[in-house]
Amino acid sequence: MSWRDPLALRRAAAIRAKEWAQVWKDPSTFGLVVLMPLILMFLFGSAVSLDVHATRTGIVDQDHTRFSRELVANLSRNAYFSIVEGDSVEHFAPHLREGTLRGIIVIPDGFEGGLGVRRPLDVQLITDGSQVNTATFLQAHLRGALKSWVEGEAAELDVPVEPVVVINPRFTYNPALESRYQLVPGAIGIVMAMIGSLLTALIMAREYERGTMEGLLATPLSIPSLVLNKLAPYYLLGLASTMICVAVAVWGYGLPFRGSILALFLISSAFLAAVLGQGLLISAGTKNQFVSTQFALLSGFLPSLLLSGFLFEIDSMPRWVQWLTYIVPARYLIPPLQSVFLVGDIWPLFIPNILILFAFGGFFYLRVTRAIRRTIA
Amino acid sequence: MMSGWLRRVAAMAGKELKVVLLDRRVLTTLVISPIVQLILFGFATTLEVRNIDLGVVNRDTGVVSEQFLAALGGSRNIRKLAFYPSEAALGRAIERREVLGGVILPPDLSQVVAREETGEIGVLLDGRRINAAQIVTGYIGEIALDLGKDLRPRKAHPEPEVIARHWYNPNLGYRWFTLPGMITLITTVIVLSVSVQALAREREFGTFDELMALPLRPWEILLGKTVPALCVGLFNATLYVIVIPLVSDVPFHGSFALMVLAIAAFSLAITGIGLSISSVAQNQQQAFLGGFLVIVPMMLLSGYASPVDGMPGWLQAVSRVDPLSHMLIVSHGIFLKDVTVWEVLAHVWPMAAVGLTTLALATVLLARRSE
């Protein structure tokens, strides 16, 4: 297609108009573009939280002394625990199995007697190991709580408490330790991945399934420009969704936006280029809407959620999974997207990621045009 | 001696099964895709933090920094230490995500400790990855504590400590949580995908009117339509229950029969939700996207991604009618805890209730459509 050829431009415009008409005709597209970002932003902003909350914990005081009572009272006031008192571990065991309690603390008989004077008796903790994360946090918080309680009582207990070395942690970009700051940019990535791969996986497969693909290919438009013009409306929808997400993130959840709109635009465009191409390739390859959605979920949505590094650290995954993440486009989106909110424009970080995403887009785009050409031949 | 309705439903179910089973690609997708997901995502999703790269700004030349760095470098969670000349250089490395964070050892650290005072080590971490950052802070804190005991053994605190035992999962293996949990997520995706297109596909291909012209009542049609989705769910989930103990160290303590019962109730609930959406959708695209709008929130509220206890109260209430949250509890319970029959049934009935309610809803919607 030559850009000087007015007829070709009109044909291209006609394809875009047809695609727009299809978008507006179907309320489900609107639902995906507007409702999905709102729902996801809400869930990642308000429901999914890795922040610490009060863990329901049973406590068994076998010592019944002044100090053990004080420790129980101290833990009851601690915001990390929601304490229930009971007589024995056996009494609490069914609750731990049912999941109504996540841990049982036991203060042993002789606890007070051992403090400061002889070798102290340790506090026992039994956790519900099936909830690995909660168990880990419970253990860490009980350690912390016990240590600060001992320090508070130090004068009376005659325990030397001055530590030799302490650490003084600071968290840059997120001094209030809000997990939202980590999760909300990731949610934007998921929204874009869904619009990109799921929606586009459906559109081309539908043309094949209904047999309208041949008609489309009969247009005098070249295949590359046909593909580009078919994608254009979905690219704009993806950008619109991103804007909704950013608005909710900044005004609804108070996330800072320290980078520039230009950087955000480039990052989202690069990612959309990759996922739109991916979706189209899936649908051109499967030619069936059901199989397309399954592939789109498997290769688009789920990897963006689980392998992109926004929920689970990539470096901690098994090596072979780490290698696989290199072919997940969302992996290259999350670091720049988190940074454009929390840090600012870090071009040395942005540029390589943007280039890789555009390379993904270019690769998928070439494969799609080739796949379509093969259909005709 | 089959009664009339049973024969009609069976015929409908037979036709539906054929539609799914005769398409080779559909069948392959239904079996291969869930297995890939189970293995890939089951092994990938861990909230443990390992293989971390940390930066070091060392201005202390004494014994304390030497011992601290040796302990830090030797930690099994830390992969590499990178040295930086200044705090600003460390800040830039964090900014570009070369390291997750770094430790800053002040010039007088060893002297302060030698004077029997408390030395302070600065730790700077990337707040963009706040969850990993907090966990790593915990690791560094423990190393500092151990170092203190090494440096002043005579002052080793005679303080009470916490001795933890983890029931049901003694080594706190993360896969013991993720693999039984993934069954729930993957079964949801596959069952919903099959059920949500059941009626929408007929509508898109124009066979919906023929379906309505059949001598079947709406509920008989729907009952027939539940069969493929239910079979797919039962087949896949049961397969995982068998595969998981074989490919991993996750035990299976509970009753297989109870697990299958729970899976059936769960698949029924998801099928009901899918058919309700399908009965109002005009085409497959609407059905899939509509289904997605429903299952993504259900997944996120189930307690897999983050504990239900950490959610606001009203969302916890919503989570109690989410079949995924019940199935998640049952799955962890049967795999790891050997829960009692009654404890399982307490979660099976809410799932069955959701299934029956949504199937009734789908029938009403379908009946209204066909008038």
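## A histidine in chain B

Leaving out residues up to four places away in sequence, His326(B) touches Arg320(B), His347(B), Pro350(B) and Met351(B). This comes from a predicted model. His326(B) sits in helix α13 of chain B, which covers residues 323–337. Its relative accessibility is 9%, so His326(B) counts as buried.

## The interface between the chains

Chain A and chain B bury about 10400 Å² between them. Carbon and sulfur atoms carry 64% of that area. On the side of chain A, the residues that lose the most area to chain B are Arg97(A), Val164(A) and Phe290(A). Together they account for 8% of what that side buries. The contact involves 115 residues from chain A and 113 residues from chain B.

Polar links also join the two chains. There are 43 residue pairs in polar contact between chain A and chain B, counting pairs with both residues at pLDDT 80 or more. Helix α2 of chain A, residues 27–47, gives the most to the side that touches chain B. Its share is 14 residues. Eight salt bridges cross the interface.

## Arg79(B) and its two partners

One salt bridge pairs Arg79(B) with Asp315(A). Their closest N and O atoms are 3.6 Å apart. Arg79(B) also meets Asp53(B) in a salt bridge, at 3.1 Å from N to O. Asp53(B) belongs to strand β1 (residues 52–58) of chain B, and Arg79(B) to strand β2 (residues 78–83) of chain B, so this pair ties together parts that are 26 residues apart in sequence.

Asp53(B) has 11% relative accessibility, so it counts as buried. Arg79(B) has 39%, so it counts as partly exposed.

## Salt bridges within the chains

Over all chains, the structure holds 25 salt bridges. One of them joins the side chains of Lys18(A) and Glu207(A), at 2.7 Å from N to O. Lys18(A) is partly exposed, with a relative accessible area of 27%. Glu207(A) is buried, at 5% relative accessibility. Both belong to a network of salt bridges that links Lys18(A), Glu19(A), Glu207(A) and Lys230(A).

In chain B, Arg217(B) and Glu220(B) form a salt bridge through their side chains. The N to O distance is 3.1 Å. Arg217(B) is partly exposed, at 43% relative accessibility. Glu220(B) counts as buried, at 0%.

Gln286(B) lies in helix α11 of chain B, residues 284–301. Its relative accessible area is 15%, so Gln286(B) is buried. The side chain of Gln286(B) reaches the backbone nitrogen of Gln282(B) at 2.9 Å. Neighbours within four places in sequence aside, Gln286(B) is in contact with Asp26(A), Pro27(A) and Ser28(A) in chain A, and with Val280(B) and Ala281(B) in chain B.

Val123(B) is in strand β4 of chain B, residues 119–126. Its relative accessible area is 1%, so Val123(B) is buried. Not counting residues up to four places away in sequence, Val123(B) touches Ile167(A), Asn168(A), Pro169(A) and Arg170(A) in chain A. In chain B, Val123(B) touches Gly102(B), Val103(B) and Ile140(B). Val123(B) and Ala257(B) are 52 Å apart in space, C-alpha to C-alpha. In sequence, Val123(B) and Ala257(B) are 134 residues apart.

Trp320(A), Leu324(A), Ile327(A) and Ile39(B) make a nonpolar surface patch. The patch is about 370 Å². Leu324(A) is found in helix α13 of chain A, residues 319–325. Leu324(A) has a relative accessible area of 31%, so it is partly exposed.

Key:
Residues numbered from 1 in each chain as written. Chains lettered and ligands numbered in written order. Predicted model: local features only at pLDDT ≥ 70, side-chain atom pairs only at ≥ 80, totals over all residues. Heavy atoms only, no water. Patch = residues over 30% accessible without salt bridge, like charges linked within 9 Å, V, L, I, M, F, W, Y side chains within 5 Å. Areas by Shrake-Rupley, 256 points an atom, 1.4 Å probe, with all protein chains shown as cover. Salt bridge = Lys/Arg side-chain N within 4 Å of Asp/Glu carboxyl O. Helix = DSSP H or I, 4+ residues; strand = E, 2+ residues; numbered from the N terminus. Buried < 20%, exposed > 50% of the residue type's maximum accessible area, 1.4 Å probe, protein only. Contact = heavy atoms within 4.5 Å. Buried area = accessible area lost by both parts, 1.4 Å probe. Polar contact = N/O pair within 3.5 Å; in protein donor to acceptor, adjacent residues only side chain to side chain.
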